[in-house]
Amino acid sequence: MELELKNISVTLSKKEILKSINLRVEDGEFISLLGASGCGKSTLLKTIAGIIKQREGSILLGGKALDKVPPHKRRTVIVFQDFRLFPHMTVAENISFPLKMLGLHKDKCRERAVELLKKVKLEGFKDRHVDEISGGQKQRVVLARALAAEPVVLLLDEPFSSLDINLRKDMRELVLDLQKEYKITTILVTHDKEEALTMSDRIAFMHNGEILQYDTPENIFKNPVNTIVADYFAEGTYISGEIKGNRFISRFFNVDINRDDGKYKCLIRPSALKVNKAEDGKFQVVAKIYQGDNYLLKINKINSSLKLESILNEPLDIKEGDKVSIELDKDKLIFIPE
Amino acid sequence: MKEPSSNKLLKLFLYITVFAILAPMVIITLWAFTNQWSWPSLLPTSYSLRAIKEIFAPYGNVFPILLSSIFLSLTVALLSAIIAIMAARAVVFYDFFGKDLIDFISMAPNLVPSTVFAMGIHVAFIKMSLANTPLGVIIVNLIYTLPYTINIMKNLTESIGKDLEQQAYVLGASPWKAFLHISFPLLLPGIIASITMAYIISFSQYFVTLLIGGGKVMTFSMIMVPFIAKGDRTLGSAYALVFVLSTLIVFGLINLILKKFQKRKEKYNWN
Amino acid sequence: MNKKTPYILIMPIVLLGVLFIYGVANGIIQSFGYIPAFNLRDLSLDYYIKVIKSPTFLDSLKVTLHISLISSILAAVLGTILTAALVYTGHTEGKIIQVIKLAILIPHTIVALFSISILSQNGLLARLLYKLGIISTQGDFPLLLYTKNNIGIILGYLWKEVPFVAYFSLSLMASINKTLGEAAENLGASRLKSFIHITLPLSMPAIAKAFLIILTFSFGAYDLPFLLGATVPKALPVQAHVEYIHPDLRHRPYAMAMNGLILLITWLMAGIYYLISNRKKLKGGSHERA
């Protein structure tokens, strides 16, 4: 079902945590709330689930207001980062807990729990105690338990951040598969931009209790509305300038670009810059940093304060101190109106 | 490695302590079964079941008093545990007007000797027709158990936290069901500790029960203490023995019932 | 979630709290001579003044302080040694702890019986000394019960309170010893030095709190002095009760004035404790966990 937040404001211990949030998630859509810690994204999740009450605004689910519905009747299920498995229950008891709350007969509960364990690829774990299983297995149990509650909206609160990096990939795939299969409207809270970019249909970028931008991953990456959003995805060097008649003009370079006239900042991310070794180059390499897949080059313009970064994919024989010339990839330049 | 000599001294101290605690228990056990133990013998000169038989003689009413006394103390213990669970939840999970005051009130009985309080409330209880009634005795006993039970429940409630209950809400459990299925089982060890603690405080109570009960509410201490006051070692010891054994039996039963309750719930969940 | 919930949860404790405060206040008001039921309506400090001036009261006060101070100080010292013994010999759980718990749950009335069967002139201790040839008749054994030295009462309290102090401070001392004590030893301090300079001072908050509890308890307690004390002077709570049940109801305010003084001294003890522990907290970091 589609979820709509209208002017949601939340105040906790006299501090305004969320400021007039508006957000619409379509039925079956997978969106991410992305932002640094403390931006209010987890609070928003809890507000949707009804654990935190909003001071103002309204939450609509399938067009109906949820505001007076208590948390246990909303079917907005949260999967928390710290798992929150019930420590006095076995794996299967944990999974059948929501079913029991729905009033299902215990045989039916058992049947369903076994089914769900199969879905999360944990057959044969049903009678294990929850402290006898690994972190990744716990995560699967938590997912199965959330699915057992038959959520209308699935809320994932940094669900992968307590897992080992190599486990995360598997879990992300599992979550996406299950989400597609059950077509559950899903909101993922994360501070991990890769996670948001790779998993979501749309990303809502949050900062200081506000949503700064809500767009598809591609758009939010390529056309950030301001420097905060732009920097969160990839930092680079900003160059101020002006667009006039479809041409960006600045102190350092000019380039043709199809944009409205006005003052702009041009963000040059490392990926937008190509470097060639050149004796008469106007730039000099000041550092060459190995990053595994590639090298990061830090380059300064000679006799200028301009500092740029570039990614070097092949180990070309560029060393620190070499003079180089640069080439800009026009399509990767980002223009942010001032 | 050789044991340091300080350890040997400490061990000696430990053994002396254990001996000092257990020896009097053995002595009163012997006294309870003594027929004659004359000076200067170190062991009874002859044994008998006289004292035990007298306590449980059909013409006496010791056994019914023991049972009603256990029942009264169990009532105090249960109420104390329930009130403590409630107060602990309020203080740990909520911000409300007068929260610090509640914290203070629940610890205040530690700072007012029960004799002082009992004499103070006595007149009021007479007016309220609570003096000389089991209810009056229960209330006064209850007040003096609460600092202990609230302390136990507060620590446990704090360490369990609210997170699991919140998880239960979003999984479809109403607040009451979330408490019943999640927090309550996790609080059980504390509940058992609270009940046993409150039980022993209430069951041991002599002065307060004497004053508020006015001799009308008979507890086991009421009938035991006169023999101790008289210095009757045989009967006093027999009563003391019954006191300790009945307490241990009650503790065993409390453990059994609450643990069973937990097991039964698990069975209901699964199997 | 619901704003009413906490108030519903605290309802019973508030009800009992009100009753408690009412009881204490009621006693205090009576100590000023206001008992309408007995036709006493004049508020005055006379009863306090008369009580404080009466030799009976002063003797009782002395006896009570004597009992509670000596028993509590000894219990704190021996209890600390017991705690250390439990921690350093690795007996922080198991059978010995069960034995210690047993001492905590035996009521004072039964402890009185222990005292009687062991410490009286024909008790087991006297018999033992006789067998060893140290005394020749029962009369040679010193009077320990029902007498002014109150040794029977003090030993009775020790029997219960040494285990209590140990039980109360055990977890703190064990955790401190595990981390800091071991670190100090690793740095070259001897076991005794690391105990005296590190473990003991840091365990003090728990020991001090246990001391306050047993001190105020034994000061206001009735059972042991009632069962084992001398006829004169009686311990304060016992004396107060004697006044309380006096057939002449005009004695009632005296009983209450004594109670008022018991309360005052108890609070004084608690006040001193808080002053000292707060000053310590200001001087150095607090490590209180008890």
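**Close-up views of a predicted three-chain model**

**View 1. The largest nonpolar core.** B:Ala87, C:Val165 and C:Ala210 touch the most other members of the largest nonpolar core, which has 155 residues. A nonpolar core is a set of buried Ala, Val, Leu, Ile, Met, Phe, Trp, Tyr and Cys residues joined through C-beta atoms within 7 Å; buried means 20 or more other C-beta atoms within 10 Å of a residue's own, exposed 12 or fewer, partly exposed in between, with C-beta atoms placed from the backbone. Helix H7 (residues 151-186) of chain C gives the most to this core, 15 residues; helices (H or I, at least four residues) and strands (E, at least two) are DSSP runs numbered from the N terminus. This is a predicted model: local features need pLDDT of at least 70 and side-chain atom pairs pLDDT 80 or more, while totals for chains, interfaces and linings use all residues. Residues are numbered from 1 along each chain as its sequence is written, and chains are lettered from A and ligands numbered from 1 in the order written.

**View 2. Surroundings of C:Ala210.** Beyond four places in sequence, C:Ala210 is in contact (C-beta atoms, placed from the backbone, within 7 Å) with residues including C:Ala76, C:Phe164 and C:Val165.

**View 3. The contact between chains B and C.** Chain B contributes 63 residues and chain C 68 residues. On the chain B side, H1(B) gives the most, with 14 residues.

**View 4. A:Leu212 in strand S10 (residues 210-215) of chain A.** A:Leu212 is partly exposed because 18 other C-beta atoms lie within 10 Å. Its C-alpha atom is 7.6 Å from that of A:Val229, 17 residues apart along the chain.

Terms used. Two residues are in contact if their C-beta atoms, placed from the backbone, lie within 7 Å.
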